[in-house]
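Q: Hi! Could you walk me through a few spots in this protein model?
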Amino acid sequence: MSKPRKTLPSDDKIRANFLDAALPIPLRQTFTYRIPSGLSGTVKLGARVVVPFGKRKMTAYVVGLSVDFDPSLGFEESAVKEILELLDLEPLVTPEILELCRWTSEYYLSSFGEVLKASLPAGINKTAARFVAINGKGREHAEKQTVKPGMADEILALLAQSGEMIDREIFIRFAQSKANRSIRQLERKGFVDIIYRTIEPIVKSKKRKIVRLAGSGSAGALASDLSKKHHAILDVLRTAGGELQFTELLEKADVGASPIKTLEKRGLLEIFSGEVRRDPLENSLLPAVNKFDLTAAQTQVLEQITKSLRAEQYRAFLLHGVTGSGKTEVYIRAIKETLAAGRSALMLVPEIALTPVFSKRLRAVFGDSVAILHSSLSTGERYDEWRRLRKGEARIAIGTRSAVFAPLENVGLIIVDEEHDGSYRQHEMPFYHGRDVAIKRAYDSGGVVILGSATPALETFHNAQIGKYEYLELPERIENRPMAAAELIDLREVFKTEGAVILSPQLVEAIDRTHRKGEQSIILLNRRGFSSFVLCRSCGETVRCQNCDISLTFHKREGNLVCHYCGYREKPPGKCPHCEKEFLYYLGEGTEQVEGVLREKFPDLRIARIDRDTTKRKNELENTLNQFDRGEIDMLVGTQMLAKGHDFHNVTLVGVVSVDAGLQMPDFRSAERTFQLLTQVAGRAGRGDLQGKVLIQTFFPHHYALKHARSQSYSDFYEVESKFRKRFNYPPFVVLASIIVKHHDLHHSLETAKLLRECLNYENSSHRIAVMGPAPAALSRLKNEYRFQLIVKAGNRSNLRKILDAALDRAASRGADMKIVFVEVDPVDLM
């Protein structure tokens, strides 16, 4: 039985008879269940339970306990169902993380259950899977020949061969939204049966056979009749500390299994099944631990941070340091201070690409106290690292956005590196911003949070200006290294003499000069693929995705047109699908095309490309970056993945092919993002002893974002940009919420959006907020769903939340389909 709960009892020692469960579904409510008498007093807050939910069984999270039934819930006690299974005697979710997830769900108007699910490692839960099974009536229908089979007939034919299929296997072959409609159609006609089954967790501890010295084998007293192989086995084990995996012992002692078994029978060895840790950095080469003398600015900054750490009181710092100013060394010394005080530390980085670099450096300094959490780890690796944190075996966590929920105890320090980066924002349910959740976590734990960046988000810098955060600055690079000299290349002038070219003569000359000196370069274009779109020169139409309102991007190596939003692929057509003329023209360059042009112009250079297309396999990105760092690659070509945090001392040239497309995006942060990207990528040049140079190609050389990126002056950019934001009522001077309504049925989506507007107008009778929309979103159709957007602005957060909460409740009471309503509080973009 379901009902929103207004309170969450926190006493898990009571002999509760009822519980509130948060389910990982996109609804902002919890659900009441009865606790079987045999489990009364056993269920604790944060534990996982299996519950019935409609026809399904689902893993849910216990977020409230009560002895008595609450009659104000609006339904009879007899209607409350029992939980089916208690999965945890000791909860996986700690009290701190439970409350942090509760706050996150309330602040961001997200599903409590989905936030809790995001806080745990993937694969840990039992899941209920939907199976589609053909029945006798369906088989009879499938045997009939259909002249033009539709999707439902094709799915039925597939089921006739296999008997039944899990729904996600069907979605691999057919678009999910259309396949779901076809499955419902087949069920209504009585051709298929829908069956829900519970699937066990896919991740468990890794077990291996272990060999350990025992008895006289450990003591060194050996029988005289032992063979050379026996002696070799015992010597290897002693050298290894007395214990090895069975397979590792076979290899190191160069023996078979028989002599090991003999030693076990004689009581010299023990063989048992033991848990083996899956270490993400196993066999990784760690960097040398160098001792650095801090600059005067670093020393001053660290003194301020250390003072707050020792006080064990909440303090938020903005560490504004230019690229190459030594922020990482400050982080490491602050972590040392935190551990010395008996507390734990958390470090967030925006991109998976940066995790190996920082992880290895932290592991080199702090050893096995460091645990790593990010989505590119194997399921087993992430589970093992999470468990080390949960058991207190590791006291430092490093990872991307979701690592903010790492199960650390007594957190004293949280570092958010490159705090401005949009990657910290979760753009799908559950919505949250990793940086802001980190600030809340530091506040709750009485810890220090450091927000580090060379290009702070406008909101962060504004908060430092008004005293909400303490401002710390590293204004110069270490060892007084100069900033890279930046130049703008006006492509309008280039066009007059060269025509339409991807690389200007100035950039080509600079590349040639750089590599003749034995130095390295980075070429940036924040757009992957070969051509951005395919245009018909006869009718002017482009080849578009069948699921999205997006032009398809041509990927030459793959030989496909690809949608970068839903993954749809098709072969390039021989003629226009609209007018059937054969005048198709491939326009707009991507990283794949730029790479090809560079290889043609510089055949002797060793060139590698880094974007999502080239780094799909595990460790591929890390290996490429390591090769570049060792000088085995001369040039990297890629997207914004290259712009952040990398430290290559032989890079003296950064070339930016174009950022004009990003500058023209219909979003209020487009200028800010362009400035940040250019400043960050410019910071990759000249980080060693050699002077760096940055060349930026553009058709808009007079734009203020580009002019201030050229001078790398954040304060000048902030002054101009903040005036625009204030004038047009955008953050940080107002608070913002974006409401997206999306559904495969255009009418249903639009009518729901209109109803939401009516409810917002009703609750906003005193005009405390401004409401815009509904209007088609900038991306009006994605993954076969029509998207309408409303934007809500308010002068303060209290007014925004009161009216939003009331309007959403009113819409739900009027029958609005709230499953298709997605609210983003503090959105980082409005696309």
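A: Happy to! This is a predicted model. Let's begin with arginine 238, which forms a salt bridge with aspartate 235; their closest N and O atoms are 3.3 Å apart.

Q: Where do arginine 238 and aspartate 235 lie?
A: Both belong to helix H8 (residues 228-239), three residues apart, which is about one turn of the helix.

Q: Okay, what about aspartate 368, what does it form a salt bridge with?
A: Its partner is arginine 363, with the closest N and O atoms 3.8 Å apart. Aspartate 368 is partly exposed at 45% relative accessibility, whereas arginine 363 is buried, at 8%.

Q: And which side chain does arginine 388 meet in a salt bridge?
A: That of glutamate 385, at 3.2 Å from N to O. Both residues sit in helix H14 (residues 379-390), three residues apart, and both are buried.

Q: How many salt bridges does a search of the whole structure find?
A: The search finds 51.

Q: New topic: is strand E22 mostly covered or mostly open?
A: Mostly covered: six of the six residues in E22 (residues 520-525) are buried.

Q: Which strands does E22 pair with?
A: E22 pairs in the parallel sense with E30 over six bridges and with E29, also parallel, over four bridges. Glutamine 520 stands opposite valine 651 in E30, and isoleucine 522 stands opposite leucine 636 in E29.

Definitions and conventions
Residues numbered from 1 in each chain as written. Predicted model: local features only at pLDDT ≥ 70, side-chain atom pairs only at ≥ 80, totals over all residues. Heavy atoms only, no water. Buried < 20%, exposed > 50% of the residue type's maximum accessible area, 1.4 Å probe, protein only. Helix = DSSP H or I, 4+ residues; strand = E, 2+ residues; numbered from the N terminus. Pairing = 2+ DSSP bridges. Salt bridge = Lys/Arg side-chain N within 4 Å of Asp/Glu carboxyl O.
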